[in-house]
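Open the structure in your viewer and keep the selection tool at hand. This tour goes stop by stop.

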Amino acid sequence: MNENEQVQKNIAKLIAEELNVRLWQVEAAIGLIDEGNTIPFIARYRKEATGTLDDEQLRTLDERLAYLRNLEEKKQKVIESIEAQGKLTPELRAQIEAAQTQVAVEDLYRPFRPKRRTRAGIAREKGLEGLADWLLSPAADHQALEEAAKYVSAEKEVGTPEEALQGAQDIIAELISDNAEYRTWIRECTFRDGFIVTAKKETARKETAKKEAAKKDTALKDSAAKGETGKDSAAENSGKGKKAGEDRSDVYEMYFAYEERVSRMPGHRVLAVNRGEKEGYLTVKVDAPAEKILQYLQRQVIKKKKGAVNPFTAPILEAVCADSYDRLIGPAIEREVRNELTEKAEDGAILVFKQNLEQLLMQQPVAGKVVLGWDPAFRTGCKLAVVDPTGKVLDTAVIYPTAPQNKVREAETVLERLISRYGISLFSVGNGTASRESEQVITDFFKKTGKPLQYVIVNEAGASVYSASKLATEEFPQFDVGQRSAASIARRLQDPLAELVKIDPKAIGVGQYQHDMNQKKLDGALSGVVEKCVNSVGVDLNTASAPLLSRISGISASIAKNIVAWREENGSFSERSQLLKVKGLGPRAYEQCAGFLRIRGGRNPLDNTAVHPESYAAVKTLAQLFGMPMEETALRKMKAMVPDPKAAAQRLGIGEITLNDILAELEKPGRDPRQDMPAPVLRSDVLSMEDLQPGMKLKGTVRNIVDFGAFVDIGVHQDGLVHISKMSGRFIKHPLEVVSVGDIVEVTVLAVDLKKKRISLSMV
């Protein structure tokens, strides 16, 4: 085994330990990933090879694999750099090779890294290293200035003993700062015993407010110049929250004089103070145990002789330790501590965001209904779109039942016409500006008609982003942004997954502090969630949009467009194998994608299941053994006819796990896993905040989950907060232990603050 093979073996071992799985499982997964297989394909169709590693395990494995390989590459570059300097020792090489993190490698490389011209570097150029060595020696037997006088030199620009002594101290300060062992100890001590301290920053807050107001004013002017009239102005949107430039100091009030141990600070507070600092409301610093750190440095640096420190050099070295820490080590460690806190907080927030997004995407579709999408607004009118059960837009309209026009009767006439013509039974209403007023109009209208009509308040986050996008323009060239938004609001009730994949996940509104974190890391994580959801559900090859198809394993955005183009030119696909006729979709891409694409009513009933074409021959052989025709109704009974899957799998030459998956698919062809999720709450009457009383029990839908609780829609336009302490009778570390986005929960009203528009709820 060569050196590189041994490194890869060690990486696999480490990942296996971290995931608590067997080494052969990790090695198999790495091999499949390196061959170019996608995570959904490996998770679904290579279970035998990986020992049934699931999607989440494989994604974690893939991330760690990339990190550890980058780490090994970094180690190699560092070793080569130090070796080129002629300073690589066997002990140092061993330390670098054993390092487990990028930070540890950087610490070891610090003394050898090419530096800009530092004070210590200038002192070395002046030949003061000998004086630094003398100061560090416990054997010094006279005053330091007396020794320093020996280094005074006009040629080397050392004018006085004091100047020489200062240069030597600079050299020692840098040596202390570059010591990897010291840095590791100080970093750990700061994490363990340090505090994050925050305070109010008054002057910057005013400047930030001015900048925000100016940015908003520019954005409004740009919007007006483009003629974007589909959404309301900032003034009309003021009900949604603070206006740009307005004093937001109340948001950060608890942090105006606050401190908390670094080791105990939860992620959501880390991100909150980061944002407060960024917006100019807070100053944030790490209060490290400086005295303890200095005592440690002095013990390491000041060498004793016969149990006593040298009286000539000890006071100088004490000052050098303080200078090294205050000027070089402390600021760097503070940055590292805050960066690590932020990174951990981001990882926690991304995990919550991922789980929230998955629950949102996997909401149960409302199938088989004609839906009226309602995009609420004031001045510009409420935009309506009638959408049939397949998602096709049948009609659009604009009505003005809200202020300032208040044309309620005219709006009701339009609604009556649309309901009568298209058989509408369900309204999908966006939760944005004027939603509360629209909801009242709708429920009053329901009472007048006496028809069995219902409505759902839909989170419209991202609808305006989609409606102004190039994709929406291509999909609805004849509509304005308001009509497109209304169509999107209707469709996200009919099929949340198919509609929401068109929108940047960050714009969907189920995370916290998503704009304050590493965007590349966030995008990658959320993209993985979307990919997982789309592939676990599967898509209809003959109706799926290009954005939905592009999320399927093995299908790029260009191939997705080619599939749609082929469909438009040749008509519907009748079998999966026709995919090979699509431009750019070769055998490799076909292998990765075919099992996730469905064809309803095609030539082969297996094409409407998750059975992969590579297993068609096994199914056909099994059907022949039992004398069954290759028809859906017959294949449904196959599972009951296989008493011994293990023996059957051996006879067919496939894995037992694969056979069990095949039999499960044949039993329920075309099954949608989202049917197991809670159905949306359909309403016919409206409740206002003024109607709420402490003790009132209501049913609601979990809209968003954060570290400190969950926001629940109880039908009053303003979501209520169930604090984590009110979610369960037992202790829980995170709300996700109890609820998921989309869950239907029963809550009790604890308190209502009409002025601040806050509702406190309990699930206990």
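**Stop 1: the whole chain.** Show everything as a cartoon. This is a predicted model. The protein chain has 764 residues, and 48% of them count as buried. Look for 30 helices and 17 strands. Along its principal axes, the C-alpha trace spans about 105 × 75 × 55 Å. The accessible surface of the protein chain is about 36700 Å², with 50% belonging to carbon and sulfur atoms. Contacts reach across the sequence too: of those between residues at least 6 apart, 68% join residues at least 24 apart.

**Stop 2: confidence.** Colour by pLDDT. The protein chain averages 90, and 94% of the residues score at least 70. Next, select residues 219-244. Here pLDDT stays under 50. For this stretch the model has 33 contacts beyond four places in sequence. Where pLDDT is low, predicted coordinates should not be read in detail.

**Stop 3: the second largest pocket.** Which residues lie nearest the centre of this pocket? Select Arg64, Tyr67, Glu343, Asp347 and Lys521 to see them. They belong to a lining of 35 residues. The space in the second largest pocket is about 1600 Å³.

Helices H5 (55-84), H7 (102-109), H12 (180-193), H16 (314-361) and H23 (519-537) each supply at least two lining residues. Which helix gives the most? Select H16: it contributes 10 residues to the lining. Colour the lining by residue class.

**Stop 4: Gln25.** Go to helix H2, residues 23-34, and pick out Gln25. Is Gln25 buried or exposed? Gln25 has a relative accessibility of 9%, so it counts as buried, the cut-off being under 20%. Show its neighbours next. Leaving out residues up to four places away in sequence, Gln25 touches Thr50, Gly51 and Leu53.

**Stop 5: Pro477.** Move to the loop between helix H20 (470-475) and helix H21 (481-494), where Pro477 sits. Pro477 has a relative accessible area of 58%, so it is exposed, the cut-off being over 50%. Finish with a distance. Select Pro477 and Leu652, and draw a line from C-alpha to C-alpha. The two are 52 Å apart in space and 175 residues apart in sequence.

Notes
Residues numbered from 1 in each chain as written. Predicted model: local features only at pLDDT ≥ 70, side-chain atom pairs only at ≥ 80, totals over all residues. Heavy atoms only, no water. 1 Å grid on protein atoms, 1.4 Å probe; cavity = no way out; pocket = protein on both sides within 12 Å on 5 of 7 lines; lining within 4 Å. Points joined across faces, edges and corners; volume = space filled by probe spheres on them. Helix = DSSP H or I, 4+ residues; strand = E, 2+ residues; numbered from the N terminus. pLDDT = per-residue confidence, 0-100. Contact = heavy atoms within 4.5 Å. Buried < 20%, exposed > 50% of the residue type's maximum accessible area, 1.4 Å probe, protein only. Areas by Shrake-Rupley, 256 points an atom, 1.4 Å probe, with all protein chains shown as cover.
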